[in-house]
Amino acid sequence: MYCYILCVHDYISFLLPLSCPGLCVGQNVLPPGPLTGAIGGRVKFTTTLSPPAKPFISVSWTFNRVNIITSTTVNITNADHKDRISLDRTTGSLELWNLGLRDQGEYRVSIIPDGALELQGAITLDVYVLLSAATINSSPATLIAGISSTNLTCEAAGNISCIQWIKDGLPLCPSNNIIFSADNRTVYLSPVQDIDNGEYECLVSNPVSNRTASHNLTVNFGPQNISVYGPIAAPTGYRVTLSCSADSIPPATFTWMFNRTETGVNNTLYVIERMEALHIGNYTCTATNNITGLKDSVVHKLRG
């Protein structure tokens, strides 16, 4: 079954075609993008070039077609980037720090080698807010299997790119009663079932960070699958123990009847210290769930 991991990109990254007036310039000297960075962090636009035998005549970088630095015999730097960029003159690589959302966009480099064609490159920078404080929100209502409904909503501060839901260590998948919202932030359970009990985790991420939130979901159900374990026959004088169990959240309470008569035993065990003929008959165990209001019984026949 397919389980959802939704990834959405806040910014669409692309490379614009390079113009080629007259003679075509050299190859793209930047790797495929996009490049990603975090607010307040730093990135380096690293070219694919090795230091040449002779220094480049000029290296020029633009951001969204506005010049940010041109280096010939001197460096001319745009005021908006002063004191937060560094140019490696030997390879044309550029480092940028103290990133902000204003820095996302297209960066182009133009390099003129000594005695060779101009080299160009283009790459896009995406800047993301670091994720923090991931939580799973859910209504505090008491849930009863087959009757109640609920939803789990994943929240986090920052740019969320991917959301994945996990239940008890495994990917959470849609089913007859589990539906995901279009943005994958909310899981709807309607109605809840006994198998929906467990730990739910929401994994949120973007290219620069990730966070996890967890939530324990309790679904009250039962009693069901009630049974009595013990001998069906016992010789006179032997000690006999009957044990009653049932699947239930919260745990069920138990009562015992012998041949339709209340015994006053109100726990999982019914003990006959010494088997006698008067103990032969039908033992009825009744399990009750005080939250769901349901009860179930089973009869165990004991022979001599």
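Modeller: I begin with S209, which is buried, its relative accessible area being 10%; buried means under 20% relative accessible area, exposed over 50%, and partly exposed in between, with a 1.4 Å probe and protein chains only. This is a predicted model, in which local features need pLDDT of at least 70 and side-chain atom pairs count only at pLDDT 80 or more, while totals for chains, interfaces and linings use all residues. Residues are numbered from 1 along each chain as its sequence is written, and side-chain values use heavy atoms, with hydrogens and water left out.

S209 belongs to strand β19 (residues 209–217). Strands (E, at least two residues) and helices (H or I, at least four) are DSSP runs numbered from the N terminus. The side chain of S209 comes to 2.9 Å from the backbone nitrogen of L131. That is a polar contact, defined as a pair of N or O atoms within 3.5 Å; within protein, one atom must be able to donate a hydrogen and the other to accept it, and residues adjacent in sequence count only if both atoms are side-chain atoms. If residues up to four places away in sequence are not counted, S209 touches V129, L130 and L131, where contact means heavy atoms within 4.5 Å.

The strand of S209 leads directly to β18. A hairpin of two residues joins β18 to β19, and the two strands run antiparallel with nine bridges between them; strands pair if DSSP finds at least two bridges between them. G198 is placed opposite L217 of β19. Strand β18 is also joined to β14 (residues 162–167), by six bridges and again in antiparallel fashion. There, I166 has E201 of β18 as its bridge partner.

A disulfide is a covalent bond between the sulfur atoms of two cysteines; here the criterion is a pair of cysteine sulfur atoms within 2.5 Å. By that rule there are two disulfides. One of them joins C154 to C202, with an S to S distance of 1.8 Å, and with -85° about the S-S bond this link is left-handed. It connects distant parts of the chain, since C154 lies in strand β13 (residues 150–157) and C202 in β18 (residues 198–206), 48 residues apart. C154 and C202 are both buried.

The other link joins C244 to C285, S to S 2.0 Å, and is left-handed with -95° about the S-S bond. Here too distant parts of the chain are linked: C244 is in strand β21 (residues 240–249) and C285 in strand β25 (residues 281–288), 41 residues apart. C244 is buried at a relative accessible area of 2%, and C285 is buried at 0%. Both cysteines are in contact with F254, whose other contacts beyond four places in sequence include V265, N266 and T286. F254 itself lies in strand β22 (residues 253–258) and is buried, with a relative accessible area of 8%. The C-alpha atoms of F254 and P52 are separated by 86 Å, the two residues being 202 apart along the chain.

For contrast, I turn to another part of the chain. An open sheet of six strands has the order β2-β10-β9-β4-β5-β6, with mixed pairing. Its edges are β2 (35–38) and β6 (75–77), each with a single partner strand, so one side of each has no neighbour in the sheet. Within the sheet, β4 (residues 58–63) and β9 (residues 105–112) run antiparallel and are joined by six bridges, with S58 opposite I112 in β9.

Six aromatic pairs occur in the structure. The ring centres of F45 and W61 are 5.6 Å apart and their planes stand at 50°, so this pair is tilted. Rings of Phe, Tyr and Trp (its six-membered ring) pair if their centres lie within 6.5 Å; planes under 30 degrees apart count as stacked, over 60 as edge-to-face and the rest as tilted. F45 is buried at 1% relative accessibility, and W61 is buried at 0%. Together with F63 and Y107, F45 and W61 form one aromatic cluster.
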